[in-house]
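Walk through the fold below one residue at a time.

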Amino acid sequence: MKNLCTLLFGIAILASGRLEISAQGMGSAGELKGKIYVLSIFITDREWPKQERERLRQKQYEAEEWIRQKAAEYGSDISFVNGNFGYDKPIYIKPLPISYDSPEQKPVDLTYRLMKEIGWENPSKFPVWAKEKAGCDQALAIIYTNSYGRGYSVKYNDLYSAEKYFFEGAVLFKGYNETQSLYPASIAHEMLHLFGAIDLYEVTESDAERAGMASRAYADDIMRRIPYDIKDAKLGDLTAWLVGIGPYKPSFAPYLNK
């Protein structure tokens, strides 16, 4: 194939799939405010029908509209600007990213490496470009993969290299398995991670206490339950505060640093 580029991604530290509290506002996504540039990147290791990429793009638009509506409910006026690499001709790489729930480690610098391959000498400067050229206050990448699995996000914090990780991104798969396609709510869930949201379900044993509290107070929050129909998703007060659109409440304290 003419545009085949084989990228042998090295294995880096394990992506946590969720935010550390201290990481809020440090990276390119910052807070859920203002004008937000979302860069979609489509990657594959084989032929990929364009209609599948189009379906993913439409699901992303659904996720963005849901986020916009929820932000408006908290009095925050936000909008999205969209760009892409690989929509018309997907970027060919090997190996493709693996699912978050795989026991193997994940290449958390995938956004950086793809941006370098695309031609950005310093990918951390992309948010500057988005601000200067499109007037955007925040910027993030969503990498869509022509394979199956559970997605994850990589949130920047000061333990990471700013050059590699300041431009924040999420990795999503076209489906969870061969019979279950990606939900728009999953896209919104990972985007909210980049703005500061935390998982409200149990990921590891250390999350059990927080997950138990959330099951009572935020049972339907999108960071706890991802519905098939995004219209059924909820944005609770805790998540609203974490992403920067809602006020703080003392009741949030037990959820932090758990």
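Phe167 sits in the loop that links helix H4 (162-165) to strand S6 (169-177). Helices (H or I, at least four residues) and strands (E, at least two) are DSSP runs, numbered from the N terminus. This is a predicted model: local features need pLDDT of at least 70, side-chain atom pairs count only at pLDDT 80 or more, and totals for chains, interfaces and linings use all residues. Residues are numbered from 1 along each chain as its sequence is written, and side-chain values use heavy atoms, with hydrogens and water left out.

Phe167 counts as buried because its relative accessibility is 4%. Buried means under 20% relative accessible area, exposed over 50%, partly exposed in between (1.4 Å probe, protein chains only). Which residues does Phe167 contact, leaving aside neighbours within four places in sequence? Contact means heavy atoms within 4.5 Å. The list is Ser28, Leu39, Thr111, Met115, Pro123, Ser124, Phe126, Pro127, Ala139, Leu140 and Ala141. Val128 lies 39 residues from Phe167 along the chain, and their C-alpha atoms are 10.0 Å apart.

Now move to Ser40, in strand S1 (residues 34-44). Ser40 has 5% relative accessibility, so Ser40 counts as buried. Its side chain makes a polar contact with the side chain of Gln60, at 2.8 Å. A polar contact is a pair of N or O atoms within 3.5 Å; within protein, one must be able to donate a hydrogen and the other to accept it, and residues adjacent in sequence count only if both atoms are side-chain atoms. Not counting residues up to four places away in sequence, Ser40 touches Gln60, Gly83, Asn84, Phe85, Ile142 and Tyr144.

S1 runs parallel to strand S2 (residues 78-85), and 8 bridges join them. Two strands pair if DSSP finds at least two bridges between them. Asn84 is the bridge partner of Ser40 in S2. From S1 the chain passes through helix H1 (residues 50-73) to S2, a right-handed β-α-β crossover. Right-handed means that, with the strands pointing away from the viewer, the path from the first strand over the helix to the second runs clockwise.

Step back to the whole chain. It holds 7 helices and 7 strands. Of its 258 residues, 53% count as buried. The average pLDDT (the predictor's confidence in each residue, from 0 to 100) is 87, and 88% of the residues score at least 70. Over residues 1-23, pLDDT stays under 50.
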